[in-house]
Amino acid sequence: MLVLLPPSEGKTSPLRGRPVDLDGLSHPGLSETRRGVLDALVEVCAGAEAPALLGVGPSLADEVRRNTRLRSAPSAPARRVYSGVLYAAAGLDDLSGTALRRAQRTVRTVSALWGLVAPQDRIPAYRLSMGTALPGVGPLARYWRGPLAEEMALPHVTANGPLVVDARSSDYLAAWRPAGTDWDHVAVRVLRDDGDRLTVVSHEAKFTRGLLVGHLLSRESSPPRTAEDLASAAAEVTGVVGVELSGPHGRRVLSLVTRPAER
């Protein structure tokens, strides 16, 4: 099993810790690509046009300025820096023992700045989305596509296969998609049962995807190895009232059905 997550927009900035070591992160084959993005981002964020290029408003000006200090800023494990809804629901920061070892082996965040990040990789907080185009680099999803394809084909990555549990959003899906049938790729979506119809949900979906990830990491059983195993495990998640697996091998969709919270 390999679990792919998007980074959270919400990040907790470490107060102390050594600066990021690009060569010390998981997947060191991505180091040169990381340096290219980091150099371009630091340069852009030193200019007045940075908020517009990053697609953020005035309220995030401090986070944009923080990007200029990424090389020297304190770092912490990614599972603590990423602190949005999905990560909180997954409880990644609370994992220990077997669950933490499982997470470090099987969970990867697909990042616009770092490419692939493991939960224990030490990173600073940053502001950058995969939908951004940086001067000298271009659209980040396209920039990462080749390096990520090469990295994901390496034996130490494919050893976690053949199942990919994909909780990414569309911008991050564009940076890497499995080729051929080497992976049984399963995209996770969340539907709400309103009584007379099923509707796709967005913000609440992050929470439910996080619950699924946390369950896969902490359950006593071995991680699922097939899409069918994944569907069975998903049916055990609290708050999930229905599960549907659809699509052919390599392009599957796992639909998790929830109900509106009682008021």
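A cavity is a set of grid points where a 1.4 Å probe fits but cannot get out. This predicted model holds 1 cavity of 30 Å³ or more, and the volume of the largest cavity comes to about 40 Å³.

Who lines the largest cavity? You'll find Ala78, Arg79, Tyr82, Tyr87 and Leu92 there, along with Val107, Thr109, Val117, Ala118 and Pro119. Two elements, α4 (78-81) and β3 (107-111), each give two or more residues to this lining. Sort the lining by class and you get 8 nonpolar, 1 polar and 1 charged.

## The largest pocket

Now for an open space. The largest pocket has a volume of about 640 Å³. It is lined by 30 residues, and the closest to its centre are Pro7, Glu9, Ser169, Tyr172 and Lys206. Elements giving two or more residues to the lining are α5 (85-90), α9 (170-173), β9 (184-193) and α10 (203-218).

Which element gives the most to this lining? That's α10, with 4 residues.

## Where two helices meet

Two packed helices are described by the angle between their axes and the distance between the axes. Helix α10 pairs up with α6 (residues 97-106): their axes come within 8 Å and cross at roughly 115°.

On the α6 side, the contact uses Ala99, Arg102, Ala103 and Thr106. They meet Leu216, Leu217 and Ser218 in α10. The residues of this contact split into 4 nonpolar, 2 polar and 1 charged.

Technical notes. Residues are numbered from 1 along each chain as its sequence is written. This is a predicted model: local features need pLDDT of at least 70, side-chain atom pairs count only at pLDDT 80 or more; totals for chains, interfaces and linings use all residues. Side-chain values use heavy atoms; hydrogens and water are left out. On a 1 Å grid over the protein atoms alone, a cavity is a set of points where a 1.4 Å probe fits but cannot get out, and a pocket is an open set with protein on both sides within 12 Å along at least five of seven lines; lining residues have an atom within 4 Å of a point. Grid points are joined across faces, edges and corners, and a volume is the space filled by probe spheres set on the points. Axes are lines fitted to C-alpha atoms, for helices over the stretch in contact, and angles run from 0 to 180 degrees between N-to-C directions. Contact means heavy atoms within 4.5 Å. Ala, Val, Leu, Ile, Met, Phe, Trp, Tyr, Cys and Pro count as nonpolar, Asp, Glu, Lys and Arg as charged, and the others, Gly among them, as polar.
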